[in-house]
Amino acid sequence: MLLGFGVVTIGLIRLQVAFHDQYLSLSKDNHVRLEVIRAPRGSIYDRNGVLLADSAPSFSIEFRPFPAESISIKRTTQGSAWIAEVAQLTGTDTLKVREAVAKANRTGQAEMLRHNAPFAVRAAIEEMRGELPGLEVHIEPLRRYAHGTVAAHLLGYAAQISEKELELRAADGYGSGDLIGQSGVESGYEDVLRGQDGAEFVVVNAMGKRVTTLSEGPPQLPVAGHDLVLTIDLKVQNAMEEAMAGVDRGAAVAIDPRDGSVLGLVSRPAFDPNEFSLGLSPQRWKELSEGGANPLINRAIQGTYPPGSTFKIVSMLSALRNHVASPTTRLAPCTGRYTYGGRSFGCWKHTGHGSLDFISALEHSCDVYFYQIGPKLGLTPLGDAARDFGFGGRTGIDLPQEKKGLIPSQAWYDERWGAGKWRKGVMLNLIIGQGELLTTPLQLALMAAETGMSGKALRPHVVREIKGVPEFAPERPQHERIAGDPADWQAVREALERVVATGTGTAARVPGVRVAGKTGTAQNPHGNDHALFVCFAPVVDPQIALAFVIENSGHGGSVAAPKAGSVLARVLLADSVYAALHPVARPRPVAAAIQVPDSMEVFGGD
Amino acid sequence: MRLPFRLPPIDWPLAGAAAGLVLVGLLTVYSATSIPGAHEGLWLKQLMWALVAVGAAWLATVLPYRVYDSLAYPLYVVSLMFLVLVLLFGSSAYGAKRWLDLGPIKFQPSELAKIAMVLVLARRMDDPKLNLRKFSHWVAPLLLMLVPFLLVAKEPDLGTSLAFPIILIAMYFWAGMPVTQLLLGLSPVMNIAMFVVTGSIWWFIAALSLMLAWFRPRIAVLVAVLAINGVVAYAMPHIWNGLHDYQKRRIETFLNPGQDPYGSGYQIIQSKIAIGSGGVTGKGYLRGTQKALAFLPMRHTDFIFSVVGEELGLIGALTVVILYALLILRGYRLAATVRNGFASLMVVGLVTSLFYHIMVNMLMTIGLAPVTGLPLPLLSYGGTALIVNGIQIGLLQNVATRRHEF
């Protein structure tokens with residue numbers, strides 16, 4: 001006990017007698033201040049090293065309040081002459097300056113007057129420092145996105161930490177004014193991208209001018225965040241952005257079937273992440289985050305859509321692997337209608353397809369053929385196949401806030417309608433991709449990629465490498481393969497190739513490249529149908545798989561397929577061949593040959 | 001000299017020291033909040049709290065301590081319930097949940113839990129047949145301490161939570177646990193601490209070998225101590241290296257908040273400047289000029305000792321130190337003279353708790369300990385703390401008035 005009080009006594013004598021002079025002078029003329037040295041956030045590159053996002057130094061103007069004892073100087077900074085001059089100099093309005101000064105005086109903390117000030121403002125302030133006490137110029141990193149809206153949803157954005165987040169994450173070392181990732185890669189890899197700020201104690205004089213650093217501690221140097229290399233290929237991304245130009249709402253995803261890496265990701269409507277770096281007005285924030293269009297939503301992973309006939313890929317594989325039918329099985333001929341359980345179900349082609357085998361049924365997307373498969377297959381095997389492909393659950397992509405979608409099961413219907421109180425007819429809607437099914441564009445692209453690889457399971461991911469963390473590797477898929485005999489996969493792939501060659505998806509044809517795909521038209525109770533198309537190419541050793549979902553735009557074959565075709569042509573053809581084929585910058589889709597495709601039946605139970 | 005009336009038989013030096021400290025606290029709160037701006041008039045509230053605290057002290061004094069003895073377990077259970085409540089519904093500040101918002105007042109359940117644990121440990125260890133060498137005898141108090149300790153550490157409030165094991169160690173010692181056993185029992189903690197501080201386990205191995213050679217424990221104990229330390233030493237680097245960088249950073253900040261360059265490092269420097277500039281005689285009451293200190297948000301709470309040091313100088317600061325030393329000394333003396341086992345143990349627990357808080361806060365203001373957010377007992381502004389301190393002093397006086405009871 002005496003030891004403890006002894007240490008305190010010695011400590012007091014040390015400060016108050018031995019170092020008294022030093023501390024007295026510090027308290028008399030100067031103040032000591034802690035200055036944060038901001039660490040730059042890691043940059044983001046595409047797979048070929050093209051810069052997508054980085055940080056650049058920018059200048060901000062702050063007001064630092066004076067202590068209560070400095071009465072005259074404090075009065076000056078509250079006077080209207082001072083406020084008017086500062087407002088004019090920084091290009092902000094007087095009211096804002098007045099509020100900032102009042103808040104600073106209340107809290108004792110410096111307040112931001114102007115972010116990202118142009119050089120002229122900064123120079124003027126440095127010059128006027130003597131006459132405008134309290135103003136300070138700070139360097140802070142500004143987040144820049146080199147390509148604006150391109151891949152905005154995938155990159156996400158970083159913005160200044162809000163007071164609420166600050167309270168939640170203060171323990172992680174966040175401070176006021178720090179940048180924090182809010183969505184996309186910026187948020188998902190926040191801990192990696194973010195550096196560690198440094199700090200130093202500086203002694204400043206009454207005018208706020210830096211006199212010296214304090215010997216109390218050497219400056220703690222900032223540690224920069226790690227750079228990220230994404231799997232994105234800017235060439236693919238740009239082709240997709242071009243294909244999606246003019247689309248009001250929708251999404252597109254491109255996956256490399258060889259390793260599950262995401263080559264491109266587009267969501268419409270888009271936003272420019274640079275807006276957040278410069279600071280948004282509350283009004284602009286409202287525009288972006290509210291209302292029907294909601295540009296901040298990443299529809300590629302957060303939009304859920306009925307898959308329409310693209311889901312017949314799952315249905316066919318499930319039927320084949322459960323030996324419900326073989327590729328050559330012929331069922332009752334399609335007359336345009338099919339009656340089941342006392343209800344009539346229509347084929348999208350009202351005049352009927354006639355007699356078809358399984359492969360032709362997928363090629364022409366014949367609903368009646370699939371209606372007949374439905375009851376034989378049953379709900380559970382179909383659901384199992386869908387989940388094998390990655391539907392009905394998160395794919396595990398390394399982006400935050402991915403949606404699961406929905407694959408209804410027996411239990412799900414029992415819970416919703418009561419056991420036995422729902423019609424078996426739901427099966428007929430599900431097998432053609434309608435009804436309660438919900439999928440994300442990412443899941444659809446994953447299905448196309450996995451089909452292209454004859455059932456190799458993939459884990460989609462967007463980050464390829466973290467610079468300075470050699471042990472980083474993308475997560476592994478949850479399982480190795482999707483069950484199915486090679487012959488089953490071969491039949492599905494052949495049918496899909498015929499969809500593009502001679503079926504409903506001819507608009508996605510690319511000269512000299514074997515393309516396999518599937519069209520889809522998803523009914524939407526709130527408006528026009530959504531157009532869908534999924535594909536992979538080349539058929540042998542595929543290099544790219546795509547999914548396009550265009551909201552409220554009509555039919556998959558006429559709206560979505562040509563967009564996929566234009567991307568495939570741009571990516572798979574040599575530049576010279578592409579230029580020869582497309583003398584004009586943007587290809588005009590050939591829509592004339594396309595019939596009105598895909599299923600149109602309505603689920604009557606609702 | 002004979003007084004015309006009989007003074008109540010309380011411990012007057014102890015009461016005098018406590019009253020003196022509250023008075024210094026009131027004067028300093030007045031000075032610290034006298035600058036125009038925020039917090040003006042807080043000293044009046046503090047005066048009100050001080051009167052409430054005197055009332056609480058009086059209440060704690062009059063009821064025979066045997067009542068507390070019999071209420072120990074119910075009180076303990078209630079305090080644990082409050083600790084769970086604060087984790088569920090507590091108001092948070094700076095990322096930690098420490099207070100329950102009860103309308104006009106904020107209540108800090110960890111304060112109550114400390115007293116409740118002291119009572120329950122005193123009751124448990126007040127047993128003529130107690131033999132702390134036996135496993136079953138020392139493990140129960142350990143578990144009784146661990147529950148509130150972990151709940152408070154979870155808030156997270158490392159500073160307050162550490163009071164729990166320190167109180168237990170003092171009470172173990174007072175109840176007759178041999179020093180050798182205490183040291184060997186603490187060896188896994190020393191193991192971790194020395195690993196964290198030095199980054200290697202060799203220092204600890206050297207220290208442990210010396211200890212074992214000196215104490216010569218029984219074979220079973222020797223094996224147990226070696227086994228536990230072996231597991232700890234083996235697991236520590238593995239666990240540490242398996243953590244992500246940001247997790248390590250979080251633990252380091254948790255252990256040493258002073259590393260956090262925002263705020264706390266700055267506060268310590270401002271505090272040192274304030275105290276250091278005070279010199280031997282100080283700048284004079286109400287004349288503290290440490291400009292930046294006017295911006296220190298906690299100058300009337302956690303950093304009140306800095307204001308004393310600045311305005312009243314070494315003389316004033318040492319006066320406060322002497323008053324505290326007197327308080328603690330009288331407290332431990334009381335524990336030594338009282339005849340009842342429960343009372344004696346309770347006094348040791350309460351005095352140790354006060355001593356811990358005084359040390360942590362004072363060492364922080366002179367820059368020798370990290371910023372933990374613990375107020376200075378009896379001096380700092382704050383209702384709950386003052387009332388709890390009043391109850392603690394009251395319980396000591398309670399024992400003092402009945403010191404000859406058996």
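Tutor: Both faces of strand 16 of chain A are covered. On one side A:Ala516, A:Lys518, A:Gly520 and A:Ala522 are buried, and on the other A:Gly517, A:Thr519 and A:Thr521 are buried. A residue is buried if 20 or more other C-beta atoms lie within 10 Å of its own, exposed if 12 or fewer, and partly exposed in between, with C-beta atoms placed from the backbone. In a regular strand the side chains alternate between the two faces of the sheet. Seven of the seven residues of strand 16 (residues 516-522) of chain A are buried, so the strand is largely enclosed by the rest of the structure.

This is a predicted model, in which local features need pLDDT of at least 70, side-chain atom pairs count only at pLDDT 80 or more, and totals for chains, interfaces and linings use all residues. Residues are numbered from 1 along each chain as its sequence is written, while chains are lettered from A and ligands numbered from 1 in the order in which they are written. Helices (H or I, at least four residues) and strands (E, at least two) are DSSP runs, numbered from the N terminus.

Strand 16 of chain A runs antiparallel to strand 17 (residues 530-537) of chain A, and seven bridges join them; two strands pair if DSSP finds at least two bridges between them. One bridge links A:Lys518 to A:Val534 in strand 17 of chain A.

The largest nonpolar core has 124 residues, and A:Cys535 is among those that touch the most other members, as are A:Val253, A:Ala445, A:Ala448 and A:Leu546. Such a core is a set of buried Ala, Val, Leu, Ile, Met, Phe, Trp, Tyr and Cys residues joined through C-beta atoms within 7 Å. Helix 23 (residues 556-572) of chain A gives this core its largest share, eight residues.
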